[in-house]
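What follows walks through one structure, from a loop to the helices around it and on to the charged pairs. Please keep the sequence and the coordinates at hand.

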Amino acid sequence: MTLKKFINRILQMLLVLLGISFLTFMLTYLAPGDPATAMFSAAGVTPKPEQLEAVRVSMGLDKPFFVQYMTWLTNCLHGDFGTSFSNKNLVLNQIMGRLGATVKLSFLSMGIMLIISIPLGVISAVKENKWCDNLIRVLNFMGISMPGFWLGLLLQYVFAINLKLLPVASQGMGLNKMILPSSTLAVAMTSKYTRQVRAAVLDELSMDYVVGAKARGLSNAQILFLHVLPNAMLPLITLLGISFGSLLGGTAVVEMIFSYPGLGELGIRAVRGRDYPLIQGFVLWIALIYMVINLIVDISYSLFDPRVREKRQS
């Protein structure tokens, strides 16, 4: 990626973030209720009208929408995402405190997925239309079809309640507390990536260079591991980046089921409690992380695949 294209991508990211920030602030502004009332409700206090009005003035809620938005955006640019209504802690501190837990859960889920999906995808492609290929495809269909919340409850019932091998709740980041939630997230991804690996390997096996390699006397194993697999894995880099970004913001249901202290669980609690500053900060940070990951993936794709690099330079 050239410097010019890199700068263009950064500018695009800033414009997208600006649009997301505006939409998020507008939706919370238009939401039923009042932030000042929500703040008192979170504290379990019934305010008098004069108290409510004084808080609204102190929060700037008496000002026009665009003035409120620009004030909030300016504070965000200075690193101040506001204070949570529910616990009076800084929004940024709460997000940073939960980010590490979700990143660890995402990495473990993707690790489990890669360990399973790559071998299964390769076997399915090499044994195309054989009994093992058909079996793997059936398992993929089942894995994709199972809702995440149902699978999480099933794993919880079997391994935590019946067998008592793992804890029911994952209130911590020990490995034994992360196995069930990460496995729940990995199942659907494994099914999807197994199909992607199978399709990529089949495409590579149909290429002319495979025929040429066989003519030069290379064994099937050499062709598969030295040529086919490296080329087949390149298209998956983009999918891995997208999946990782989705995991960071899409683990909410699983985190709630297992009481895992991650970003998703924080976001759901913010929505339930109508904690507007926390909702706004959560959405903005998830969008930023997602776009940064996609930028890194785009750069890495150019580094790993010379064909893409040459095409972009031409």
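Asn-129 is found in the loop between H5 and H6. In this predicted model, its phi is positive, about 65°, although Asn-129 is not a glycine. Most residues other than glycine have a negative phi. Asn-129 counts as exposed because its relative accessibility is 54%, and the cut-off for that class is over 50%. A second case is Ser-259, a residue other than glycine with a positive phi near 55°. Ser-259 sits in the loop between helix H12 (252-257) and H13. With a relative accessible area of 29%, Ser-259 is partly exposed.

Two packed helices are described by the angle between their axes and the distance between the axes. For helix H5 (residues 91-126) and H6, the angle is about 135° and the axes are 8 Å apart. That angle makes H5 oblique to H6, since roughly antiparallel would require an angle over 145 degrees. The crossing of H5 and H6 is left-handed.

Helix H6 covers residues 131-145, and Leu-135 is part of it. Leu-135 has a relative accessible area of 44% and is therefore partly exposed. Together with Trp-131, Val-138, Leu-139, Phe-141 and Met-142, Leu-135 forms a nonpolar patch on the surface. The accessible area of these residues together is about 700 Å².

Asp-133 has a relative accessibility of 0% and so counts as buried. The side chain of Asp-133 meets that of Arg-198 in a salt bridge, with an N to O distance of 3.0 Å. This pair links distant parts of the chain, as Asp-133 is in helix H6 and Arg-198 is in helix H8 (residues 175-205), 65 residues apart. Arg-198 counts as buried too, at 15% relative accessibility. The cut-off for buried is under 20%.

Side chains of opposite charge can pair when their charged atoms come close. The count for this chain comes to four salt bridges. Another of them joins the side chains of Glu-265 and Arg-98, at 2.6 Å from N to O. Glu-265 is buried, because its relative accessible area is 6%. Arg-98, at 22% relative accessibility, counts as partly exposed.

Which residue forms a salt bridge with Glu-265 at 2.2 Å between the closest N and O atoms? That residue is Arg-269. Arg-269 and Glu-265 both lie in helix H13, four residues apart, or about one turn of the helix. Arg-269 has a relative accessible area of 48%, which means that it is partly exposed. Through shared partners, salt bridges join Arg-98, Glu-265 and Arg-269 into one network.

The last step is the chain as a whole. The chain contains 15 helices and zero strands. Of its 314 residues, 39% are buried. The C-alpha trace spans about 85 × 60 × 30 Å along its principal axes.

Key:
Residues numbered from 1 in each chain as written. Predicted model: local features only at pLDDT ≥ 70, side-chain atom pairs only at ≥ 80, totals over all residues. Heavy atoms only, no water. Patch = residues over 30% accessible without salt bridge, like charges linked within 9 Å, V, L, I, M, F, W, Y side chains within 5 Å. Areas by Shrake-Rupley, 256 points an atom, 1.4 Å probe, with all protein chains shown as cover. Helix = DSSP H or I, 4+ residues; strand = E, 2+ residues; numbered from the N terminus. Buried < 20%, exposed > 50% of the residue type's maximum accessible area, 1.4 Å probe, protein only. Axes fitted to C-alpha atoms, helices over the stretch in contact; angles between N-to-C directions. Parallel < 35°, antiparallel > 145°, perpendicular 65-115°, else oblique. Left-handed = near helix turned anticlockwise from the far one by under 90°.
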